[in-house]
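Let's take a walk through this structure together. Have the sequence and the 3D view ready, and follow along as we go.

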2 protein chains.
Amino acid sequence: MNSVNKLVLLGTGLIGGSFALALKRAGRVGKVVGVGRNPDNLQRALQLRVIDEASSDAAAAVQGADLVLLATPVGQMGRLMTQIAPHLPTGCIVTDGGSTKQDVAALFRAHLPQHLLYCVPGHPIAGSELSGAAAAQYGLYEGRRVVLTPLAESNPGAVATVRALWEACGANVYEMDAAEHDGIFAAVSHVPHLLAFSYMNAVLDRRNAAACLDFAASGFRDFTRIAGSHPDMWRDIALANRDAILADLKANAAQLQHVIELVEGGDSNGLTSYIERASAARSSWGRG
Amino acid sequence: MNSVNKLVLLGTGLIGGSFALALKRAGRVGKVVGVGRNPDNLQRALQLRVIDEASSDAAAAVQGADLVLLATPVGQMGRLMTQIAPHLPTGCIVTDGGSTKQDVAALFRAHLPQHLLYCVPGHPIAGSELSGAAAAQYGLYEGRRVVLTPLAESNPGAVATVRALWEACGANVYEMDAAEHDGIFAAVSHVPHLLAFSYMNAVLDRRNAAACLDFAASGFRDFTRIAGSHPDMWRDIALANRDAILADLKANAAQLQHVIELVEGGDSNGLTSYIERASAARSSWGRG
């Protein structure tokens, strides 16, 4: 399957809407049905031609579909899978855009056990401060990465189709194990967010918090940018990727303890080599 | 004193050079003598008219001076104070540009005990990735903040002079206690740097560090920007502001432990309110 006759978006926001727009531009999709709970958002998606039909009924929408993209927060995916399970056409591929993958794999197993051959978990690495169908854009996935974490059961043909469609959106597609995925994104995304929240709360707990915020400058601005992220989304991620995040938070707590010992001991050489290692790696990453 | 007849820069780089240029533009300085250890840098400062005379001899340079700015790393200031002590004219004001203030106050007391009336510690909040006399610029202090932390002994007239000169550079001048200063900058600058170094080292210690760095994206980029900072400078700051930094690092370690408990316990409501507090404060700061 190199193109899709009927694509159903379960969740019609930035991620799903941009997938639909890119496939339309690439001539890879016939009809796009957008499902969502917010009528205004669906109306906007219709006006902007992100979708061709709107629906609030996931079960009805998936009839006749050959591709379903779950593009809601992960917390809503289980309920949607339950709704569509009795109505999914045989062979209809189901994929998702969730940013954690072991939990989505578990949801597929729990709610679509008869359909695992056609379930292909995925994670497009393309966020934005914006959300909703109005934020959808043709080029969102251009040059971005998409990670697929196929189930042991996933049909290689279904995986190849999902890969080809993301590539048609301009993305570079990687495949890896779900646990490997979750460990990597815990380390480079989830844990930095939690560290930034933690640091902000430490500042707020100071008796002179207002003066601190008043004198905070550009280093603070960049270090804390991600602390302004959406609470519900990051609570869900913290809960969904709990084990990988916990292991990494504890590794960070141990590092911090080591820094405390270096400073407490006035260990000049130890501090120099500790900072040099971090600084060299960050500078080299910045050039990469 | 509203203008300076002879200004001596002990350290002729970005901070001192930009101070000299701004005072020249404002017509507030007669002659500027630049002292430094790097002949090429001094030659460049002469060519660019940042300074009018170059010297490698601090003791000789301060003769006839009415203002001395210590604009080297704090680690070099004690030695320079010792050199100039026997040669400082009575009434010559000595100020500095160091980013920690309790330790500079201690250096003044140790090395210039006869001269404390004219010692006015200061901290211009204006950094740059660039350094050296060639990086000096007229407008560096325009609209930036300068914090003065006068000693109990500092003559109010000397403080007023230093304030007026920084204001002539376009800066907004604040006065506070040295301990208050060091606590604020530990919280909003020094500790974020150490947390960023610590986080980078935690990533580097992972068995899949290369894959992590490969998938790191914009959140990682901003969160770790300050981890690329200069090792020697930040080792010196960590040692110079040890007590304030230690107290704040320990507060951060306690916050991190709390986050670990929230995640470990799957405390959805607790995580939500914890993240909401940080996110609301950061968003409000960003609009401020």
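**Starting from one threonine**

Leaving aside its neighbours within four places in sequence, B:Thr72 is in contact with B:Leu10, B:Gly11, B:Met77 and B:Leu80, where contact means heavy atoms within 4.5 Å. Before going further, a word on the ground rules: this is a predicted model, in which local features need pLDDT of at least 70, side-chain atom pairs count only at pLDDT 80 or more, and totals for chains, interfaces and linings use all residues. Residues are numbered from 1 along each chain as its sequence is written, chains are lettered from A and ligands numbered from 1 in the order in which they are written, and side-chain values use heavy atoms, with hydrogens and water left out.

Back to our threonine. You'll find B:Thr72 in the loop between E4 and H4 of chain B; such helices (H or I, at least four residues) and strands (E, at least two) are DSSP runs, numbered from the N terminus. Is B:Thr72 buried or exposed? It is buried, with a relative accessible area of 13%; buried means under 20% relative accessible area, exposed over 50%, and partly exposed in between, using a 1.4 Å probe and protein chains only. Some way along the chain, 49 residues apart from B:Thr72, sits B:Pro121, and their C-alpha atoms are separated by 13 Å.

Now step onto the strands of chain B. Strand E4 (residues 67-70) runs parallel to E5(B), and four bridges join them; two strands pair if DSSP finds at least two bridges between them. In that pairing, B:Leu69 has B:Thr95 of E5(B) as its bridge partner. On the other pairing, E5(B) meets strand E6 (residues 119-120) in the parallel sense over two bridges, and there B:Thr95 stands opposite B:Val120. Strand E5 (residues 93-96) of chain B is covered on both faces: B:Ile93 and B:Thr95 are buried on one side, B:Val94 and B:Asp96 on the other.

Hop over to chain A for the whole sheet. Six strands form an open sheet there, in the order E3-E2-E1-E4-E5-E6, with parallel pairing. The edge strands are E3 (53-55) and E6 (119-120) of chain A, each pairing on one side only. E2(A) and E3(A) pair over three bridges, and A:Gly34 has A:Ala54 in E3(A) as its bridge partner.

Helix H1 (residues 14-25) of chain A is mostly covered, with ten of its twelve residues buried. The cover includes strands E1 (4-10), E2 (29-35), E4 (67-70) and E7 (122-125) and helix H6 (156-168) of chain A. After H1(A) comes A:Gly27, whose phi is positive, near 65°.

How do the two chains relate?
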